[in-house]
Each structure stands twice: as C-alpha cells, then as structure tokens.
Amino acid sequence: MSSKTARHNAIQAITTYKPEAAPLNFADTRPTDIFGCNVFNDRVMRERLPKSVYRSLRKTIEFGQRMDPSIADTVAAVMKDWAIEKGATHFTHIFYPLTGQTAEKHDSFLMPDGSGGVIAEFSGSMLIRGEPDASSFPSGGLRSTFEARGYTAWDVTSPAYIMENPNGTFLCIPTMFLSWTGVALDKKTPLLRSSQALNREAKRVLRLFGQETELPVVAYAGLEQEYFAIDHNFNFARPDIQIAGRTLFGARPAKGQEFSDQYFGVIPQRVLSYMMEVERELYKLGVPVRCRHNEVAPSQYEIAPLYEVSNLAVDHNHIIMSTLRNVAKRYGLKCLLHEKPFAGVNGSGKHVNYSIGNADLGSLFDPGETPHANAKFLVFCAAMIRGVHKFGGLLRATVASASNDHRLGANEAPPAIMSIFLGDMLTEVFEAFRAGRIDDAANGKKRGALNIGVDTLPPLPADPGDRNRTSPVAFTGNRFEFRALGSSQSAAGSITALNVIMTDSLGFAADWLEKEMGEGRSFTEALESFISHVIEEHSAVIFNGDGYSEIWHKEAVRRGLPNLRTAPEALPVLVSPEVVEVYEKAGVLNKSELRARQDIYVEQYCKTVRTEANLIIRMARTIIFPAAMRYQGELASTAASMRSLGLEAKTITLEEVTEQLRQMQAAIAALENVVAEADALGVGLDAARHYCSEVLPHMARVRKHADMLETRVADDLWALPNYQEILFGK
C-alpha cells in the first residue's frame, strides 16, 4: 500500500469508525465491587493464609522486617490456588530492566505427573526467585555478554496480581532484577535501597524531636501521566509515528492550542469510552486512579491516581502505561507516550508529587496552619532545599533522554535549571531565619480564607501561596512536585534520587543538631542554627518567579546554578564524585553501577537519534521528495501549456517548490555525512555530543524544507496525514 493510499484510508476509516469493544455496564458491575478483585492483597491474604503466616508476612510488608523464608512455600501454595481459581495457567516475574520498560517471562504452573497427566506446581523457591536469561538486557559493562545468568527477587511489599487477556489470565509477581553477583540491573532495586536509607536518616531526625514510630518512614508519590490518543490508522500511515513514536515532519496546522480551548474541555465521546475502560481495568488491579481530563494540546489527555507508597506508585504507573497502550487498540486509537509527538504543541510529562511520612506521622512536608510553629516541617523542608541545591544536576540527569530534551526548557515544561518554588509565605519564614529575625518568622502568615463574592457560598480555605507551573521542584501545600520527568520514563530513577538527596540532607541535619546540642546549646537554638545555615548556604536555589523568562536564565548563571540543556550535558553528572559519594554512602548504588547507568543511557540516546536520522532520510527521499516532484511536474506542465497558448505564466510557486527541493536534497546529503561521522564515534559520550550538536540540527534543516513543501504541494499529492487530520480527527 502506498503512503498516499494509507493516508486516504486512514481518513476514511475515521469517518466510518465503529468501536470494537462492547459497551461497559457500570450499573450491573459497580467499580466499588471490582476494585482490587485481581490483586493478591491484604484482604485475600488475611482470608486464605494461616494466621501465623499472615502475621509474619505483614511484619515484613508493614514494618520492613526481614521475611521468614520458612513461610514461602505456604504463601506460594495459597497464591497459586488463588491464581488458578481466576483462570491463570502461567506466572511471570515482572521487573524493570535498564531499558526503562516492563519485562516479563511466562512460566506454566503445569508439570507432568509421570502418569500421563499434569499437576499444578508453584513452590516457595519459585516465588522468591526466578532466573530469566539476562544476556540481552543492557548492563553497561557490569557483566560480559556471555554471562547470561540473572535473578529476579520477589518484592514482597508490592502485591501480586492477575493480568487478564481475551484468551486467559496469568499471575504477575513484582520483582527486583539482579546479576548473579548481586549487581542491580533494574530500576526497582535502587528504589528499595533508597527507601531503607531514607527511613534510617529520617528516624534519626525524628528521635531528636522525641518522636518514635514503629512504621518505616517512606516516600509517597503521586504520578500524573500525560499522553496523546490519536486514531490508530494514522500510526500506520506515518512511519515516523510507528517507529519513532513522534512526527519527524509536519507543518503547523492553522489552529493548534493557542485558543486554550482544549484544556479541561469536554472529553470526546470515543476517548471518554476508552478512558472508562482503562479505569475499569485499573480498578481490577487496585490502581486508585482518581483524575482524568483533557490536557492543553489537542488530542492530549491526563490520568492521575491517588498518592501511594513510592514503590507501589512506580509499579502502578508501569501498569497504567501498558493498560493505556493495550486498551487503546480496542477503540481504534493509538496511545503516544513520547514526550514530544508533535512540534508546535505541548509535549507530555509525568509530574512526580513527592512527600515523605507514614500513617502515624502524616506528611512531614505538611506545614500545618502556621509553618513557623512547625519546627519539624521546617527541618524537613530545609533538607529538601539543601538537597536540590547540592544535587540539582543529579535530578536533571534522572530525566535526561533524547525524547525529553525536546520538551524541557520550552514554554510547556520546566527549564533544565533545577530550582525550588516555595511561595511567598514560606520564603518569608526562611528569610527571617537567615536574617536572624526569628520573631518575624513567628509572626508569619496563617492560612486564610478565599471570599468568593457569592452570598450562598461560605468562605473557602485559601492556601498561603499560589502554585508555580514553571518551577521544576515546586512546593504545593504538603508535598513537592517534580515536574521535569518525561511521560514515557519510569519514575523510579527520579524518586530514587529524591530519596538519596533527602537521606544525605537529613543525615546532615541530624549531625548538625547533635553537634550543636553536644556543645551545650538548647534544641531550639540548634534548630535555629541549622535552618539559618541552610538558607544562608543554599537559598540560591529558591526562585518564585517565571522559570521561562530569559531573565531567570541569566540570574541562574549568576547564582551558580547549572543549566544542563541536553542529555549529553546532564548524563555525566551520574558519575561525578559527589554523586558517587552520596549514592555509595546511602548504600543505593556503587560507582560501577552508576557508571553502567550513564553508559546505558548515553547509548540509548545515540541509538534513538540515529534511528530518527535514518528515518528522516528515508521518508524524505521515498515519500516527501516524490510527492513534491510530482507537483513540480504538474506546475511545469501547466506553465508550459499556458505559454504555448500565448498566455503569461507566473511561476512563483514552481520556483518556490524547486528551491525547497534543491535545499532539501542538500540538507539530506549533509545529514548523511554527519550521521556517518557519528557512526565512526560509536555510542559513547563523544558520539552523543556529536548527535546533539551536529545530527539534530541537520535533521531540523531537512524538516524545515519538508514542512515548507507541505504548505505548497497540492493536498491530493501529499502522502503523509497532516497535523490537522491527526490532532483533530477522532
């Protein structure tokens, strides 16, 4: 099928679309009845496990105690019976390798019984540990290619669940993924290690306040997932969307997002049906999705769950991403998680709402009614300020990728400069400490009331400050919102980094307070000294203004804040001495593990840009160039016919098309040359820098001429579906 035919077929399919999925009946099967029905959760364990086994397992899950290996066989037998009752024939250890994707290998419960039949078998050892072939997963040199052994280790804190398929079900067991020597080859292992480190240092600080808690102090996360949903026919009519996940060509439509009429607008019926089924599937898996809405760009949407323990939130986000992709097919849609699928409209992020605490303490980032009176909050908030200032480059590195580079720094996402927004109230409190005006801090603002001006409505509680959508790390009432993560990325790396920098800062706080009190100062004096020190040393990272403005970029340079605009600039931070030291001190990753991650992410960057460059060359030559040549021929033929009739022939459009074709050919040739130069450099940092500084600009030049041709070539000759059709055709 030609690209031109594919485009027309895609448009025709949209106009005659009928959903494949049957309508859902929410009245007969209520969401409250199915929530968590496919999860081996606390209710199932309490009902099915022997009481002694259940109590032992709960101690591990709730209090972080080492699991008693003697209970593994009992848990496995009960889990197997529960899964088989739900139709499962296979089980899989779910893990997140350093590709950033979800990985799984399915094994059958059924084993020959020696008499011509089968029995269902699933032992404790099979539950606790799996052994997938690890040779094809990226390791960054942590092992040789021929060393294939890798282990999955059961994460008891994240519940197993049943995944449904039209032809059956299978049991999913969340796991870590390690080499046979114990080296972390995944995203989950460092996250769990960082959680332990955070708990240790947070409890040190809490003990100084005279506060004890049996529960671990944990990180909580709420992950807002943005995505695009387009008709799936366009996916097959656009090789760039199909292969790269984004459009490498495309002129701006006459209307984009400039009217601001998409955001929170009425959700299109077809998309709403899709969203409802996504939510229904997620309810079964115990994912507490709460919010859905139109995002800013046309065909862009958001789904957001409630806050959960960060490890579970990451697992659930991977489930959300796979569910969004899978369910979309039943509605004739394609879910795009790329950070920048379309030029000229907003890209997609995944905001990480981060806090720490537990059920006993609540959020330790909650300032209460009067922040100045909540000394504990001020210490934990100051720790965050210190951490972001010292390790802003690390946070930037955790979101570095070829796809996210298209989004960061534009007026749709926070800049690459890591700063903190506190709001006027908290800023005044901390500034008073720095200036030694503690009495002024004690007279800080209280939470007020918002007068609506409508007599029938009571005054509404008002927050002491506004939100700042241009800040990478913004305080939003009782948590910090990290807004730089890309929509396709796993949140595990960024949350791990946040845990590590909080661990370091809380350890510093405990050391400071203990030292001050050891020298005879009161606890209050020690607190004032610590907070004053942090603000004196680290207030440069606090910025409450417009992060998009050029003034801020100049001011950030003056303050000494790094502006790592691209992934090749940011990724080396992962192996900087200060990052290696803080990760090793926390027991999260060693130097070799960090070096491996840098090498893997650099290689992924190189391969991504190289794939896109080759795709641009092929599409330009086989799709765009022929269409423009045909139109050029039509124009030339028309002009010749007019002249043969003695009529004056204006050839302005012909000259424009001819010139753009000539320049596009030259740009393609230049692109091929710089790609060849990159090939000679391999896939290391030098190659990544070359791809960034040379290949990407040459790709943009090819696109510039191709997009200009799209606005000149007759529509019936243009083969690629355009932005108007893709973004507004549903």
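**A chat about a predicted model**

Modeller: Let me start with Glu62, which lies in helix α4, residues 51-63, where helices are DSSP runs of H or I with at least four residues, strands are runs of E with at least two, and both are numbered from the N terminus. This is a predicted model, in which local features need pLDDT of at least 70 and side-chain atom pairs count only at pLDDT 80 or more, while totals for chains, interfaces and linings use all residues. Residues are numbered from 1 along each chain as its sequence is written, and side-chain values use heavy atoms, with hydrogens and water left out.

Colleague: OK, and what does Glu62 touch, leaving out residues up to four places away in sequence?

Modeller: With those left out, Glu62 touches Leu215 and Pro216, where contact means heavy atoms within 4.5 Å. Glu62 and Pro216 are 154 residues apart in sequence, yet their C-alpha atoms are 7.7 Å apart in space.

Colleague: Is Glu62 buried, exposed or partly exposed?

Modeller: Glu62 counts as partly exposed, at 34% relative accessibility; buried means under 20% relative accessible area, exposed means over 50%, and partly exposed is in between, using a 1.4 Å probe and protein chains only.

Colleague: Switching to Thr175, where does that lie?

Modeller: Thr175 lies in strand β8, residues 168-179, and is buried, with a relative accessible area of 0%. Apart from neighbours within four places in sequence, the contacts of Thr175 include His93, Phe95, Trp154, Asp186 and Lys188.

Colleague: Now helices: how do α10 and α11 pack?

Modeller: Helix α10, residues 269-284, and helix α11, residues 310-330, pack at an angle of about 135° with their axes 9 Å apart, the axes being lines fitted to C-alpha atoms over the stretch in contact, with angles running from 0 to 180 degrees between N-to-C directions. That makes α10 oblique to α11, since angles under 35 degrees count as roughly parallel, over 145 as roughly antiparallel, 65 to 115 as roughly perpendicular and the rest as oblique.

Colleague: Which residues of α10 meet α11?

Modeller: Tyr274, Glu277, Val278, Glu281 and Leu282 do, and among the residues they meet in α11 are Ile319, Thr323, Leu324 and Arg330.

Colleague: What is Tyr274 paired with, ring to ring?

Modeller: The rings of Tyr274 and Tyr331 have centres 6.3 Å apart and planes at 50°, so the pair is tilted; rings of Phe, Tyr and Trp (its six-membered ring) pair if their centres lie within 6.5 Å, and planes under 30 degrees apart count as stacked, over 60 as edge-to-face and the rest as tilted. Tyr274 is in α10 and Tyr331 is in the loop between α11 and β13 (333-336), so the pair ties together parts 57 residues apart in sequence. Tyr274 counts as buried at 0% relative accessibility, and Tyr331 is buried too, with a relative accessible area of 5%.

Colleague: Which residues do ring pairs link into a cluster?

Modeller: That cluster links Tyr354, Phe365, Phe377, Phe475 and Phe480.

Colleague: And how do α7 and α16 cross?

Modeller: The axes of α7, residues 188-208, and α16, residues 492-518, come within 8 Å and cross at roughly 25°, and these helices are therefore roughly parallel to each other.

Colleague: Last one: which residues of α20 are buried?

Modeller: In helix α20, residues 577-586, the buried residues are Val579, Val580, Val582, Tyr583 and Ala586, and what covers them includes α7, α13 (392-398), α16 and α21 (591-644). Gly587 follows α20 and has a positive phi, near 75°.
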